[in-house]
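Here is a short briefing to read alongside the structure. Have the sequence and the 3D view open, and we will go helix by helix.

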Amino acid sequence: MTIPRPPGTFAEHADELTLQRARRGDTQALGELYRCYGRACYTLALRLLGNTAAAEDVVQDVFLKLFDAIGGYRGQAPFGAWLKRLTANAAIDQLRAQRRLDGGDPEALIAAFDAAATTAADACDLWSVLQRLPPQARAIVVLHEIEGYTHRELAGLFGQTESYSKSILSRSQQRLRRWLGADGDSAPGSGEKHVAIPVVG
Amino acid sequence: MSPSPSWAELPEFDPPPDLWPRILALHRRRRQRRIAGAIAAGLFGTALAAYVLLERGPSADASLAPLQARSTQLENELAALVPAASRDNPARHELERIERALQRAYERGAAHGELAALWRQRNEQLGILLATRQQDMQVTRL
């Protein structure tokens with residue numbers, strides 16, 4: 001974790017001249033895009049994967065792909081949003097490759113919640129408790145709550161139904177609230193922490 | 001009571017400072033490999049084209065010409081000696097087999113070496129037929 005500074009998010013604006021240079025394969029322009037979006041990519045990958053080495057791999061894969069794929073970017077969506085999709089897809093692919101997605105078995109995922117609950121005693125902030133969630137649940141929470149993915153999009157991304165995504169999100173929110181003590185059933189050591197987690201819609 | 005954190009309060013993270021140099025170095029290595037691969041593919045293509053031209057080109061066809069001319073000559077000599085009734089014999093069948101093989105070889109665009117070998121076989125078989133017929137005629141005269 002680093003000292004807070006102005007956020008490097010996917011909402012940053014990439015100027016058209018830099019994009020044009022990048023499309024022509026100008027590595028300096030791609031370096032400028034990295035400086036603009038690298039932090040956002042890394043943060044999203046780390047939130048999804050919970051592992052710095054895996055997050056570095058994802059950022060590396062995304063920017064290596066970008067060298068080839070940016071020629072196909074036609075500006076139909078903001079560049080940051082396009083890059084966010086690339087990053088999220090690469091992270092989900094990595095979870096899939098590591099067999100850390102639960103193959104659509106809700107019972108297995110619920111069992112993973114229960115296993116995680118026993119180790120949540122030392123969790124005391126949102127980032128810590130987020131990492132206690134099973135990988136697929138964490139990814140659904142991050143993509144829906146922070147990155148604005150719809151349940152339809154999540155269903156497509158994970159190859160599941162929308163109701164599956166809603167169910168996992170609901171359970172995750174309950175679990176996060178409990179771990180953070182927001183519903184009066186705090187985990188030992190978690191004290192008075194609270195989180196503004198909306199009820200899934 | 002502590003202030004309520006929200007999703008916006010989740011920390012953001014800086015990638016390690018050496019990540020971009022690593023990405024750039026990897027990209028350059030990949031690009032060099034691609035260039036080397038493209039050069040290798042180009043050289044292979046050129047070599048293949050040269051081989052095809054040598055095997056299938058006009059010079060290859062020209063080198064078959066003496067064999068074809070010899071074949072025609074033997075055919076004419078044989079036709080002058082062999083009456084139509086005596087054409088049904090095992091040596092004639094072998095000649096027909098070679099001719100069918102030659103036809104198929106042309107149809108599938110066989111290499112020069114295969115075509116030349118078949119033309120030589122055809123000429124040898126014609127020679128056998130011719131020699132046999134000439135011996136038969138001598139015996140008949142005696």
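A residue counts as buried here if 20 or more other C-beta atoms lie within 10 Å of its own. By that rule, the number of buried residues among the 18 of α3(B) is 1, so this helix lies largely in the open. Please keep in mind that the model is predicted.

**Helix α3 of chain B**
- Helix α3(B) covers residues 90-107 and reaches 26 Å from its first C-alpha to its last, close to the 26 Å expected at 1.5 Å a residue.
- After α3(B) comes B:G109, which has a positive phi, near 65°.

**Chain A as a whole**
- Of its 201 residues, 40% count as buried in chain A.
- Taking the contacts in chain A between residues at least 6 apart in sequence, 60% join residues at least 24 apart.

**The packing of α3(A) and α4(A)**
- Helix α3(A), residues 52-69, packs with helix α4(A), residues 79-97, at an angle of about 130°, and their axes are 9 Å apart.
- The two helices, α3(A) and α4(A), are therefore oblique to each other, and their crossing is right-handed.
- On the α3(A) side, the residues that meet α4(A) are A:A54, A:D57, A:V58, A:D61, A:V62 and A:K65.
- On the α4(A) side, the partners are A:L86, A:T87, A:A90, A:A91 and A:Q94.
- The residues of this contact divide into 6 nonpolar, 2 polar and 3 charged.

**Helix α9 of chain A**
- Helix α9(A) runs over residues 162-180, and its 19 residues should span 27 Å at 1.5 Å a residue, which agrees with the 27 Å between its end C-alpha atoms.
- Buried residues in α9(A) include A:S165, A:I168, A:L169, A:S172 and A:Q173.
- Also buried in α9(A) are A:R175, A:L176, A:W179 and A:L180.
- Just after α9(A), A:G181 has a positive phi of about 75°.

**A:V129 in helix α6 of chain A**
- You will find A:V129 in helix α6 of chain A, which covers residues 126-132.
- A:V129 counts as buried because it has 23 C-beta neighbours inside 10 Å.
- Between A:V129 and A:R178 there are 10.0 Å in space, C-alpha to C-alpha, although they stand 49 residues apart in sequence.

Methods: Residues numbered from 1 in each chain as written. Chains lettered and ligands numbered in written order. Predicted model: local features only at pLDDT ≥ 70, side-chain atom pairs only at ≥ 80, totals over all residues. Helix = DSSP H or I, 4+ residues; strand = E, 2+ residues; numbered from the N terminus. Expected span 1.5 Å × (residues − 1). Buried ≥ 20, exposed ≤ 12 C-beta atoms within 10 Å, placed from the backbone. Contact = placed C-beta atoms within 7 Å. Axes fitted to C-alpha atoms, helices over the stretch in contact; angles between N-to-C directions. Parallel < 35°, antiparallel > 145°, perpendicular 65-115°, else oblique. Left-handed = near helix turned anticlockwise from the far one by under 90°. Nonpolar A, V, L, I, M, F, W, Y, C, P; charged D, E, K, R; others polar.
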